[in-house]
Amino acid sequence: MIKVSVHESKSFDPAVISRLLEDEPLPTRHEDDVPMGPSLTLDGRVHRPTSDFLRSYAGARAESGTARRYASDLRGWLDFLCNVRGYHPHEDYRDPVFLASEQDFAA
C-alpha cells in the first residue's frame, strides 16, 4: 500500500536554516519569494507533477483554499491510481498521473 499525503508549505525561518547549515543563509529579496502552496508525497517522496501544478496554481492566486481542495482531490486520485489500479509511482520513471487511461477515469 502506497501512502499518499498532502503537506502544507511552511514559512522560511532564517534562524533554523542557519542552525542546520551551521552558516548564515543567503539573503533573499521580497520579490524572490514564491508561495509554495500544498504539495503531495508518495511514501514520503515528493510527487513532482502534482506538486509543481499546485505550486504554480497557488503562486498565481492570492487565496489558497482552492489549491488545498485541488491537493485533496489529487491525493485521492493518486491513491486510487496507485492502490486500486496498481500503478507503481517509482518503476521505470513512469508516473501514474501520465499513465492513467480512459478506463481509469471511468472507474
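Trainee: Before we start, what does buried mean here?
Mentor: Buried means under 20% relative accessible area. Please also keep in mind that this is a predicted model.

Trainee: Take Thr41, then. Is that residue buried or exposed?
Mentor: Thr41 counts as buried, because its relative accessibility is 7%, under the 20% limit.

Trainee: Which strand does Thr41 lie in?
Mentor: Thr41 lies in strand E2, which comprises residues 39-42.

Trainee: And which residues does Thr41 touch?
Mentor: Leaving aside residues up to four places away in sequence, Thr41 touches Lys3, Val4, Ser5, His7, Val46 and His47. With one of these, His7, the side chain of Thr41 makes a polar contact, side chain to side chain, at 2.9 Å.

Trainee: Let us step back to the fold. How many helices and strands are there in the protein?
Mentor: The protein has 5 helices and 3 strands. Along the sequence, the pattern reads β-α-β-β-α-α-α-α.

Trainee: In what order do the strands form the sheet?
Mentor: The order is E1-E2-E3, in an open sheet with antiparallel pairing. Strand E1 (4-7) and strand E3 (45-46) are the edge strands, and each pairs on one side only.

Trainee: Over how many bridges do E2 and E3 pair?
Mentor: E2 and E3 pair over 2 bridges, in the antiparallel sense. Leu42 has Arg45 of E3 as its bridge partner.

Trainee: Which helix packs on the sheet, touching E1 and E2?
Mentor: That is helix H3, residues 65-84, and its direction makes about 165 degrees with that of E1. Helix H2 (residues 48-59), for its part, lies across E2 and E3 and runs at about 170 degrees to E2.

Trainee: Which residues of H3 are buried?
Mentor: They are Thr66, Ala67, Ala71, Leu74, Leu78, Phe80, Leu81 and Cys82. An α-helix has 3.6 residues a turn, so residues three or four places apart point the same way. The cover over the buried residues of H3 includes E1, E2, H2, helix H4 (96-99) and helix H5 (102-106).

Trainee: And Arg68, what is its relative accessible area?
Mentor: Arg68 lies in helix H3. Its relative accessible area is 40%, so Arg68 is partly exposed. Not counting residues up to four places away in sequence, Arg68 touches Glu8 and Pro38. Arg68 and Gly37 are 31 residues apart in sequence, yet their C-alpha atoms are 7.8 Å apart in space.

Trainee: What share of the contacts in the protein comes from residues 24 or more positions apart?
Mentor: Among contacts with a separation of 6 or more, such residues account for 53%.

How values were computed:
Residues are numbered from 1 along each chain as its sequence is written. This is a predicted model: local features need pLDDT of at least 70, side-chain atom pairs count only at pLDDT 80 or more; totals for chains, interfaces and linings use all residues. Side-chain values use heavy atoms; hydrogens and water are left out. Helices (H or I, at least four residues) and strands (E, at least two) are DSSP runs, numbered from the N terminus. Contact means heavy atoms within 4.5 Å. Two strands pair if DSSP finds at least two bridges between them. Axes are lines fitted to C-alpha atoms, for helices over the stretch in contact, and angles run from 0 to 180 degrees between N-to-C directions. Buried means under 20% relative accessible area, exposed over 50%, partly exposed in between (1.4 Å probe, protein chains only). A polar contact is a pair of N or O atoms within 3.5 Å; within protein, one must be able to donate a hydrogen and the other to accept it, and residues adjacent in sequence count only if both atoms are side-chain atoms.
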